[in-house]
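Please read the numbered points with the model open alongside.

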Amino acid sequence: MKTKEISKSTLQRLPAYLNYLKTLSPRETPNISATALAAVLGLGEVQVRKDLASVSLSAGKPKTGYSVCSLIKEIEEYLGYNNIKDAVIIGAGKMGTALLNYSGFAQYGFNIVAAFDINVTEDGGEKGKKIFPLSKFGNLCKRLNIKIGIITAPASAAQEVCDLMVANNILAVWNFAPIHLNVPEHILLHNENMAVSLAILSKHLKENLKKSKKHL
Ligand SMILES: NC(=O)c1ccc[n+]([C@@H]2O[C@H](COP(=O)([O-])OP(=O)(O)OC[C@H]3O[C@@H](n4cnc5c(N)ncnc54)[C@H](O)[C@@H]3O)[C@@H](O)[C@H]2O)c1
């Protein structure tokens with residue numbers, strides 16, 4: 001992906017390119033020229049060429065133009081549509097802030113961008129990790145295209161928190177609240193139940209102790 005800065009107006013045009021490219025059938029239209037794209041969207045050819053050059057590594061070929069599939073991927077990547085490394089937390093209490101400030105996620109490339117809480121009225125947090133009022137959740141998720149949500153709210157609030165995440169395009173939920181959550185089919189849900197892990201450990205311990213008694 002190209003990382004150079006692009007202008008605000010180019011950035012604003014990228015979703016329009018993307019929407020149009022997605023309407024094309026890759027079989028019927030595998031390639032598209034900047035001229036054709038400019039004509040369909042009512043833009044200047046030079047402008048389109050410049051916009052595409054700033055996000056696409058594959059320069060349009062003189063006769064065939066750009067590969068539609070590659071261009072879609074490159075624009076999506078530029079816009080952060082494939083952002084699967086950033087996550088947000090709802091519920092900035094003991095558990096939420098511990099996760100927010102845990103540096104170990106970075107080793108795996110994960111970044112917990114911020115936490116949100118219903119009882120926070122002003123932006124806060126430490127070590128550059130922000131805690132925001134819940135009212136700012138939708139805006140930040142949309143702006144940064146966040147796809148992973150972490151629930152560390154009380155069990156009684158977890159379903160409404162989860163619904164809020166789903167409504168704001170979160171696609172994967174890591175749930176710490178000890179409650180069953182109902183989610184649409186397209187949502188990936190992972191429940192982190194520490195009591196279950198401890199129960200399994202305890203069961204294995206019991207078995208090991210039984211075995212060692214037999215050997216005595
Ligand atoms: N603390 C632990 O060791 C631990 C371990 C396992 C699981 N959990 C689970 O994690 C969750 C959080 O536990 P905790 O100990 O951090 O609790 P906590 O009370 O310290 O924090 C919960 C936070 O959620 C916020 N909150 C409540 N309703 C909300 C809503 N509708 N929207 C946004 N924020 C809301 C509260 O203001 C509070 O800051 C619980 O479901 C708990 O069962 C905690």
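1. Helix 7 contributes 4 residues to the shell around the ligand, the largest share. Helix 5 and helix 7 each supply at least two residues of that shell. In total, 22 residues surround the ligand, and the closest are G91, G93, M95, A157 and A177. It should be kept in mind that the model is a predicted one.

2. As to overall form, the protein contains 8 helices and 8 strands. Its radius of gyration is 24 Å, whereas the globule rule gives 17 Å for 216 residues; the protein is therefore more spread out than a compact globule. The C-alpha trace spans about 80 × 50 × 30 Å along the principal axes. Of the 216 residues, 22% are buried. Among contacts between residues at least 6 apart in sequence, 54% join residues at least 24 apart.

3. An open sheet is built from 6 strands in the order 5-4-3-6-7-8, with parallel pairing. Strand 5 (130-133) and strand 8 (188-191) are at the edges; each has a single partner strand, so one side of each lacks a neighbour in the sheet. From one strand to the next, the twist averages 25 degrees.

4. Strand 4 and strand 5 run parallel and are joined by 4 bridges. A115 has I131, in strand 5, as its bridge partner.

5. Helix 6 touches strand 3 and strand 4, and its direction makes about 175 degrees with that of strand 3. Helix 7 touches strand 3, strand 6 and strand 7 (172-175), and its direction makes about 170 degrees with that of strand 6.

6. The largest nonpolar core has 26 residues, and those with the most contacts inside it are V88, I89, I90, F116, I151 and V161. At least two residues of this core come from each of strand 3 (86-90), helix 5 (94-100), strand 4 (111-117), helix 6 (137-144), strand 6 (148-151) and helix 7 (155-167). Beyond its neighbours within four places in sequence, V161 is in contact with I90, G91, I151 and A153. A second, separate core has 12 residues, including Y17, L71, I75 and Y78.

7. Is C141 buried or exposed? C141 has 23 C-beta neighbours inside 10 Å, and a residue with 20 or more is classed as buried, so C141 is buried. C141 is located in helix 6. If residues up to four places away in sequence are set aside, C141 touches V88, I146, N168, N169 and I170. For C141 and N169, which are 28 residues apart along the chain, the C-alpha separation is 7.9 Å.

8. Apart from residues up to four places away in sequence, T10 touches D51 and S54. T10 and V48 are 38 residues apart in sequence, with a C-alpha to C-alpha distance of 8.8 Å.

Note on methods. Residues are numbered from 1 along each chain as its sequence is written. This is a predicted model: local features need pLDDT of at least 70, side-chain atom pairs count only at pLDDT 80 or more; totals for chains, interfaces and linings use all residues. The radius of gyration is taken over C-alpha atoms; the globule rule is 2.2 Å times the number of residues to the power 0.38. Two residues are in contact if their C-beta atoms, placed from the backbone, lie within 7 Å. A nonpolar core is a set of buried Ala, Val, Leu, Ile, Met, Phe, Trp, Tyr and Cys residues joined through C-beta atoms within 7 Å. Two strands pair if DSSP finds at least two bridges between them. Axes are lines fitted to C-alpha atoms, for helices over the stretch in contact, and angles run from 0 to 180 degrees between N-to-C directions. A residue is near a molecule or strand if its C-beta atom, placed from the backbone, lies within 6 Å of it.
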